[in-house]
Amino acid sequence: MTNDPAEMLESVENIARDAGEILMDYFGRISKVEYKGIGDIVTEADKASEQFIKASLESLFPNDSTLGEEFGLSDVESENCWVTDPLDGTANYAAGLPIFSVAIGLLANGSPILGVVFDPNTDRMFSATKDRAATLNGKAIQANRRAELDPIGLFGFSSEVMKALNPFMQNLAKGRSLGSAALHICGVAAGHFDGSLDYTTKLWDVTAATAILEAAGGRVSLPSGEPIFPLSTDSSAYRGASVPFLATNGKLHEECVDKLDQIQP
């Protein structure tokens, strides 16, 4: 298999679509929910989806490492690391709410160079590679051009942010919480959201969608404005440490950073 991200993309899209079919096969008939921590759950669908994604990627790219939410980091040492969330939105999924996604991203030397996010409920395939346009079902998408926070703009939040950052949310009239960080960030890439904010996400939640948003002209950083990527090889993010993010259309990023600087989460 080629190492050209553009040539890899179709194969990765097919993997994400097949993983989405696995999720839909289980949807509505989950028999067991495991608790990894407070508010953090996993189902047999998460595991089945990740097993499929991991096996597929390792078959196509045997020299690359893989990192998944349920099975962790593989033993392969490589400058390329496939970072996957087999089911982003597990709480929604377990509750029967059809808002969730499959996310597959590729880090090269710690930076996202390819991303695929598939929503099997609406058959939406978001994808991008570095230096090429982001697409939604093959059509180019761009972040919107709103230059400042506006009461009519939509902004995606996690439920934790809604609880902790009410002063920041008062700047925004239209906060939304979908329950999937990847779909929040892709919503910014498609121009629907002005931005999105979360403090408790992990590397597998943000890698694929970051590649997509950056290709769509947007920006992703830590809430402080400092860059998330490139990650060092010894970054704790590879071991499950939180990766908080602020994702915006780019034009209002600094305004958001300034406002957040005045608020302690």
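Buried residues are those under 20% relative accessible area, exposed ones those over 50%, and partly exposed ones those in between, with a 1.4 Å probe and protein chains only. This structure is a predicted model, in which local features need pLDDT of at least 70 and side-chain atom pairs count only at pLDDT 80 or more, while totals for chains, interfaces and linings use all residues. Residues are numbered from 1 along each chain as its sequence is written, and side-chain values use heavy atoms, with hydrogens and water left out.

| Residue | Relative accessible area |
|---|---|
| Gly20 | 1% |
| Ser221 | 2% |
| Ala181 | 8% |

Helices (H or I, at least four residues) and strands (E, at least two) are DSSP runs numbered from the N terminus. Gly20 is placed in helix 1, residues 5-26. Contact means heavy atoms within 4.5 Å. Setting aside neighbours within four places in sequence, Gly20 is in contact with Val102, Phe118 and Pro120. Between Gly20 and Glu226 there are 206 residues in sequence and 33 Å in space, C-alpha to C-alpha.

Ser221 belongs to strand 14, residues 219-221.

Ala181 is part of helix 6. Not counting residues up to four places away in sequence, Ala181 touches Asp88, Thr201, Asp205 and Phe245. Ala181 and Asp198 are 17 residues apart in sequence, and their C-alpha atoms are 7.8 Å apart in space.

**Nonpolar cores**

A nonpolar core is a set of buried Ala, Val, Leu, Ile, Met, Phe, Trp, Tyr and Cys residues joined through side-chain atoms within 4.5 Å. The largest one has 38 residues, and Val117, Phe126, Leu203, Ile212, Leu213 and Phe245 touch the most other members. At least two residues of this core come from each of strand 5 (80-88), strand 6 (101-108), strand 8 (124-129), helix 6 (181-189), helix 7 (203-215) and strand 15 (245-248). Apart from this core lies another, of 24 residues, including Phe61, Val102, Ile104 and Leu106.

**Cavity and pocket**

On a 1 Å grid over the protein atoms alone, a cavity is a set of points where a 1.4 Å probe fits but cannot get out, and a pocket is an open set with protein on both sides within 12 Å along at least five of seven lines; lining residues have an atom within 4 Å of a point. Grid points are joined across faces, edges and corners, and a volume is the space filled by probe spheres set on the points.

The structure holds one cavity of 30 Å³ or more. The largest cavity has a volume of about 60 Å³. Helix 2 gives the most to its lining, with four residues. Among the lining residues are Glu50, Lys54, Phe71 and Trp82.

The second largest pocket has a volume of about 290 Å³. Of its 16 lining residues, Ser65, Ser78, Cys81, Thr233 and Tyr238 lie nearest its centre.
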